[in-house]
Amino acid sequence: EGGYFSLSDILNAGTQDFPFSREGIRSAAFAESQWKPNKQIAIRAGMRVEQDGLIEEIAFAPRFSAAIRAHKDAQFSLAYGKYYQSPAADWLRITTDLAFEEAEHFILNYQWQGNNQIFRVEGYYKKYQNLVLFDRESPYDPSGFSNEGEGYARGVDIFWRDRKTFNNGEYWVSYSFLDTERQYRDFPEKAIPAFASKHNISVVGKYFLNEWDSQIGLSYN
């Protein structure tokens, strides 16, 4: 689905010879620093460096986050980061003339926690670049592979947990909204990936039976 193929598919294609394996060294290093100018603000910044010897690429991935305490029970936070991923192994059996796939994340979060209750809402935007594309008509042709794919994901996650309202019981509710499109793998144009659903809701409840050292649970998705 979505352009996946196995080693057996490649070997049975009958048009080209492919190696059974590729060898390369992958290494990474990470440094991070944290600064608290006062009791209400915390800032963290870091840098990750990754090297993939198989595709002969080096990537620098900055990371940044900041938390601001609104009052004793609540805080705002924001985060930014770049992330890199090597192309899938099945594609690298055909060609190593590919680069890292990239993702850039922007996240804004608010959380309130007090009196055995938690409320959290988070919004995000993710930009995808250099995604691997290949021709679905000739999926075993090295010249049909490129890093010209792109996409985005944006959405909101909401979470509520309550251990206060019911004696010996707790419940939590989560909801997420996702809007995403990508052009990658063998997609001829931007489309919603098969794994992505726009609306998701989950409800979980637990009740503790202290006399029996047991609990009853119920979940809905």
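User: Before we start, what counts as a polar contact within protein?

Analyst: A polar contact is a pair of N or O atoms within 3.5 Å. Within protein, one atom must be able to donate a hydrogen and the other to accept it. Keep in mind that this is a predicted model.

User: OK. Which side chains does E50 pair with that way, R48 for one?

Analyst: The side chains of E50 and R48 are joined by a polar contact of 3.0 Å. The E50 side chain also makes a polar contact with the side chain of R26, at 2.8 Å.

User: Where does E50 sit?

Analyst: E50 is in strand β2, which covers residues 41–52.

User: Is E50 buried or exposed?

Analyst: Buried. E50 has a relative accessible area of 6%, and buried means under 20%.

User: What does E50 touch, leaving out residues up to four places away in sequence?

Analyst: With those left out, E50 touches R26, S27, A28, E57, I58, A59, Y84 and F100.

User: And A59, on the same terms, what does that touch?

Analyst: A59 touches R48, V49, E50, Y84 and F100, again not counting residues up to four places away in sequence.

User: Which residues make up the largest nonpolar core?

Analyst: There are twelve: I55, A59, A61, Y84, W91, L92, I94, L98, F100, V132, F134 and F145. Another core, of six residues, lies apart from it, with Y128, A153, Y184 and F187 among them.

User: New topic. How much space is in the largest pocket?

Analyst: About 270 Å³. The largest pocket is lined by 15 residues, and the closest to its centre are Q85, E101, Y128, L131 and R182.

User: Which strand gives the most to that lining?

Analyst: β5 does, with four residues. β4 (74–85), β5 (101–114) and β6 (117–133) each supply at least two.

User: How many of the lining residues are nonpolar, polar or charged?

Analyst: Nine are nonpolar, two are polar and four are charged.

User: Last one: S143. Where is it, and is it buried or exposed?

Analyst: S143 lies in the loop between β6 and β7 (146–162). S143 is exposed, because its relative accessible area is 64% and exposed means over 50%.

User: What does the S143 side chain contact?

Analyst: The side chain of S143 makes a polar contact with the side chain of D141, at 2.9 Å.

User: And how far is S143 from I94?

Analyst: They are 49 residues apart in sequence and 9.6 Å apart in space, C-alpha to C-alpha.

Methods: Residues are numbered from 1 along each chain as its sequence is written. This is a predicted model: local features need pLDDT of at least 70, side-chain atom pairs count only at pLDDT 80 or more; totals for chains, interfaces and linings use all residues. Side-chain values use heavy atoms; hydrogens and water are left out. On a 1 Å grid over the protein atoms alone, a cavity is a set of points where a 1.4 Å probe fits but cannot get out, and a pocket is an open set with protein on both sides within 12 Å along at least five of seven lines; lining residues have an atom within 4 Å of a point. Grid points are joined across faces, edges and corners, and a volume is the space filled by probe spheres set on the points. Ala, Val, Leu, Ile, Met, Phe, Trp, Tyr, Cys and Pro count as nonpolar, Asp, Glu, Lys and Arg as charged, and the others, Gly among them, as polar. Buried means under 20% relative accessible area, exposed over 50%, partly exposed in between (1.4 Å probe, protein chains only). Contact means heavy atoms within 4.5 Å. A nonpolar core is a set of buried Ala, Val, Leu, Ile, Met, Phe, Trp, Tyr and Cys residues joined through side-chain atoms within 4.5 Å.
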